[in-house]
Amino acid sequence: MNSFATPRYNRDTVTAVPFSRVQCEKPSVDDVYPRVFDTILEQRIGPASRFTEESLGQMFGVSRSIMRGVLEKLSHQQVIILRTHHRPRVAAPDAEQTRQTLHARRLTEITLVQLACRQPQATDVQRLRELVKRQRQCLERDQRGPALRLTGEFHLALADMAGNAPLAHFLASLVPLTSLAIAQFNAPMEIYCGLQVHEGIVDAVACGDALKGKALLSRYLDHLEAVLLNSQPIPGRNRVAG
């Protein structure tokens, strides 16, 4: 077996605590996905990292088939590149791809937030508030990966409220790629996560104020684009996963 198939747990290797057998006998793809994505967003696994299904499965304490499902999900989101007869690798969106992604998000989300404001349900609004709360907690604990992932989940939850499945599905293909682009740059997380903007959007949706919601969302995406396209990637953060 080659060195890439079996991870060596040293200071240059990403480590992860396996699932407890007592807590979860058979973790699902959905259980493992956020842990792997968080690790990528924290740049502990990056474009320069070399890994396989088997090495990641051992690292996260799950079967190869479960890890294959996680990588396939990340591949559909354009976060992981899968090619026949090649090891998986993390994508590295460039400035032009990031610009196009944000442009597509702007066109899509402006419509979605307008739809979400039509008949907001209390349970949906509470879900948004809970995501903002969890996002704040992650920022306070300096948990970069989970904070970025929850930022994306906020926008996807907002899309679900709109009741337009095709648009929500399209947005789901854009948000993880945006999170990956953000992860490449070294700037305070508060700039990217937009807690105050998210809180304002929640209030606007709760009140059915589509004009305010669209204005806040547009301002957030404009700011995000300006910061991302004028930042430099984080140097030397990638580690070999196995």
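Q: Which residues line the second largest pocket?
A: In this predicted model, the second largest pocket is lined by Thr-52, Glu-53, Glu-54, Arg-64, Arg-68, Leu-71, Glu-72, Leu-82, Arg-83, His-86, Arg-87 and Pro-88. A lining residue must have an atom within 4 Å of a point of the pocket, and these residues are therefore the ones that meet that cut-off. The pocket they surround has a volume of about 220 Å³, and the elements that give two or more residues to its lining are helix 2 (53-60) and helix 3 (64-76). Helix 3 gives the most, with four residues.

Q: Why is helix 2 called mostly covered?
A: A residue counts as buried when its relative accessible area is under 20%, and six of the eight residues of helix 2 are buried. They are Glu-53, Ser-55, Leu-56, Gly-57, Met-59 and Phe-60, and the buried residues of this helix pack against helix 1 and helix 3. After helix 2 comes Gly-61, which has a positive phi, near 70 degrees.

Q: Which elements each supply at least two residues of the lining of the largest pocket?
A: They are helix 1 (29-41), helix 5 (122-140), helix 6 and helix 8 (175-183). The largest share, six residues, comes from helix 6. The largest pocket has a volume of about 300 Å³, and of the 18 residues that line it, the closest to its centre are Tyr-33, Arg-149, Gly-152, Glu-153 and Leu-156.

Q: How do you know that the lining of the largest pocket draws on both domain 1 and domain 2?
A: At least three of its residues come from each of domain 1 (29-90) and domain 2 (95-230). By class, the lining of this pocket holds eight nonpolar, three polar and seven charged residues.

Q: Why is Pro-146 called buried?
A: The relative accessibility of Pro-146 is 13%, and the limit for a buried residue is under 20%, so Pro-146 counts as buried. Pro-146 is found in helix 6 (residues 144-162). When its neighbours within four places in sequence are left aside, Pro-146 is in contact with Asp-38, Glu-42 and Cys-138.

Q: How many residues apart in sequence are Pro-146 and Leu-41?
A: They are 105 residues apart in sequence, while their C-alpha atoms are 8.0 Å apart in space. For the chain, among contacts between residues at least 6 apart in sequence, 79% join residues at least 24 apart.

Q: What makes the space lined by Arg-105, Leu-148 and Thr-151, among others, a cavity?
A: A space is called a cavity when a 1.4 Å probe fits inside but cannot get out, whereas a pocket is open. A search of the whole structure finds one cavity of 30 Å³ or more, and the largest cavity has a volume of about 40 Å³. Its lining consists of Arg-105, Leu-148, Thr-151, Gly-152, His-155, Val-175, Thr-178, Ser-179, Ile-182 and Tyr-220, and helix 6 and helix 8 are the elements that give two or more of these residues. Four residues of the lining are nonpolar, five are polar and one is charged.

Q: How many of the residues of the chain count as buried?
A: Of its 242 residues, 49% count as buried. The chain contains 11 helices and two strands, which follow one another along the sequence in the pattern α-α-α-β-β-α-α-α-α-α-α-α-α.

Conventions: Residues numbered from 1 in each chain as written. Predicted model: local features only at pLDDT ≥ 70, side-chain atom pairs only at ≥ 80, totals over all residues. Heavy atoms only, no water. Buried < 20%, exposed > 50% of the residue type's maximum accessible area, 1.4 Å probe, protein only. Contact = heavy atoms within 4.5 Å. 1 Å grid on protein atoms, 1.4 Å probe; cavity = no way out; pocket = protein on both sides within 12 Å on 5 of 7 lines; lining within 4 Å. Points joined across faces, edges and corners; volume = space filled by probe spheres on them. Nonpolar A, V, L, I, M, F, W, Y, C, P; charged D, E, K, R; others polar. Domains from an automatic or database assignment.
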